[in-house]
Amino acid sequence: MERKTFYITTPIYYPSDKLHIGHTYCTVATDAFARYKRMRGYDVMFLTGTDEHGQKIEDKAKAKGVTPKQFVDDIVAGPRGILDLWKLMNISNDRFIRTTDDYHVEAIQKIFKKMYENGDIYKGKYKGMYCTPCESFWTESQLVDGKCPDCGREVHAAEEEAYFFRLSKYAGRVRELLTTTDFLEPKSRVNEMVNNFIDPGLEDLCVSRTSFTWGIPVDFDPGHVVYVWVDALFNYATALGYMNDRHHDFEKYWPADVHVVGKEIVRFHSIIWPAMLMSVDLPLPKKVFGHGWLVLNGEKMSKSRGNIVDPYLLAERYGVDALRFFLLRTFPFGSDGNFTNELLISTINTDLANDLGNLVSRTTAMVLKYFGGTLPARRESADPDGELEEMILALRDKYAAAMDAFAPQTALAEVFRLISRANKYIDETAPWVLAKDEANAARLAGVMAHLLEAIRVSAILLTPFMPDSCAKIFAQIGAEGDAVTWEAAGRFGALPEGAAVTKGETLFPRIDMAKELEELAKLEQAAAPAAPAPAPVTIDEFAKVKMTVCKVLACENVKKSEKLLKFTLDDGSGTPRQILSGIAKYYRAEDLVGKTLVAVTNLPPRKMMGQESNGMILSAEKDGKLTLLMLDDAIPAGAELC
Ligand code: MSP
């Protein structure tokens, strides 16, 4: 019988910068789904790749003094590039497409022509606001606070002769697809698409550019290049052989079972993509799943914001499997998740070192100590074996339901419920007590068998997340062949009788949180881009700041404030000046009376803790510590710094 197929894709990545942990999140998740389906016997096609055209790449290459192709080659295939990263992260993609590959370029030209010939692409003039980083045109009404609604960056007015795709023609059919089927998930994203994009009126989409050249040329109209999103979206079809002879799996795998994409590109995948497929008369993908972002302090990671987290650094420090696991165990896939180093380390320590690692090392150590590594055939059951057995038997279905719903976090939570239960089972059955009396040998063997089964089934189900570590677990408990299949994850007692348990390396070493956080902070600081040099000021600008020598007449703490001191100053004008300064942590108020300080005296007054402050007392800061600038007492109040 022919195996059922499963075609799953990640977005193809922009090689405009090195990839960060957010991109890794998307790919690792898709990899876990692909491995899960393979384990279930599907004939899986897992596609990923790179989306290499567009103005952003042309601009970056120019700035670097290389050709766009040289630029992308380095980021895709160079050292520590995208291909290296996926290899390191143990990504099991079956195919990798680059949109600069010849076969894709030719196929896109044919597809574009096909849509032109069927009347869905026509020539017109484009006027609009363009966001260069997103390669997107926007109408004024779509902008948010005058900025790009996707990324929040500046847009600029642009006008050009261009080809348009009749997106408006497909609005009704796309709306129906989104509202009456499970095409787009999670469901919350459907409302967003319908309310924000479809119902306000879908305009025809500008699908060619003349303002730059780094794209696929429209072969029947030189000077135009195909809009990068048309080029990119069709990768899912060309990579299988649609409109080309390089590959021959289109019939076999199309339509895609799922496109896994980040939330900001759901619009392209759930509106534009189905409309274009309708235009060329191809069956629609079965699902688009829009996952959330990994954010840092609430902000999306991006090189330009300088808040990226390097997956190489994390994988090398903690291991690939620990990183893969952390990403999918911690954050619900459909929502945003806030990445912190603390969370990463505590997840590794709690789940992997304490719960899973300990379960495996305690169990294997006991089987070795009490039985020399092989359990005797005579085994006895007693409480609470039944409960553990039931949990083991029920786990596979719960896990499958979660994985089928693209909820890896829930699937992992189920596995870890069993792992905790098994650890508790060790405490309840107290094997070290049983071991004291030879008469308990059969019962002790029964306890060990239950533990080994809990480990075996957990490791099968954890394999899509941590393939290498689970292979090591199987080796340690002597599980192989039929005992480690999906089918065997639904059975109790699949471990063969003479299975030999061996002692292996520590799977997940515990991390010293405090020491590690300090180390990481140092590494991140060293890797951080140097702060941009401050913009120069002219001498005239500097001269606008009035700095006056002041004597402290009185100084006291501001009530209810730990930071503020209230100064009454003689600034030479005859009228005392009041300034509040956040220096209370470093000085006692009474020690400052009579001192000679410097204050900026032409700032507008401002209120702090309900009191007026007229200026700013100067201090010097180093490593977070403030020291007041104190002058020789011989300098009179009212003297100006110059
Ligand atoms: N080239 C387009 C995709 C074209 S698909 C036909 C693109 N590339 S991208 O490199 O910018 O992003 C690729 C994927 O990474 C997207 O799904 C995006 O959402 C995801 N992520 C980028 N940063 C992310 C986070 N910080 N968190 C989670 N996913 C993130 O878009």
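Reply: What follows starts with the pocket and then turns to the ligand.

This is a predicted model, where local features need pLDDT of at least 70 and side-chain atom pairs 80 or more, while totals for chains, interfaces and linings use all residues. Residues are numbered from 1 along each chain as its sequence is written, and side-chain values use heavy atoms, without hydrogens or water.

The largest pocket has a volume of about 1,100 Å³. (A pocket is an open set of points on a 1 Å grid over the protein atoms alone, where a 1.4 Å probe fits, with protein on both sides within 12 Å along at least five of seven lines; points join across faces, edges and corners, and the volume is the space filled by probe spheres set on them.) Its lining takes in 42 residues, each with an atom within 4 Å of a point. Closest to the centre are Tyr14, His23, Lys56, Glu264 and Lys300.

Several elements build this lining. Strand E1 (5-13) gives two or more residues, and so do the helices H1 (21-39), H2 (55-64), H8 (228-233), H9 (235-238) and H11 (266-279). (Elements are DSSP runs numbered from the N terminus: helices, H or I, have at least four residues, and strands, E, at least two.) H1 gives the most, with 4 residues. By class, the lining holds 19 nonpolar, 12 polar and 11 charged residues. (Asp, Glu, Lys and Arg count as charged; Ala, Val, Leu, Ile, Met, Phe, Trp, Tyr, Cys and Pro as nonpolar; the others, Gly among them, as polar.)

Now the ligand. The ligand sits in the largest pocket, meaning that more than half of its atoms lie within 2 Å of the grid points. Around the ligand are 24 residues, each with a heavy atom within 4 Å. Ile12, Asp51, Gly262, Glu264 and Leu294 come nearest. Glu264 is also among the residues closest to the pocket centre. E1, H1, H8, H9 and strand E11 (258-262) each supply at least two residues of this shell. The shell has 13 nonpolar, 8 polar and 3 charged residues.

An oxygen atom of the ligand is 3.0 Å from a polar backbone atom of Tyr14. A ligand nitrogen is 3.3 Å from a polar backbone atom of Gly22. At Leu294, a polar backbone atom is 2.8 Å from a nitrogen of the ligand. Taken alone, the ligand exposes 660 Å² (Shrake-Rupley method, 1.4 Å probe), and the protein buries 96% of that.

Key
A polar contact is a pair of N or O atoms within 3.5 Å; within protein, one must be able to donate a hydrogen and the other to accept it, and residues adjacent in sequence count only if both atoms are side-chain atoms.
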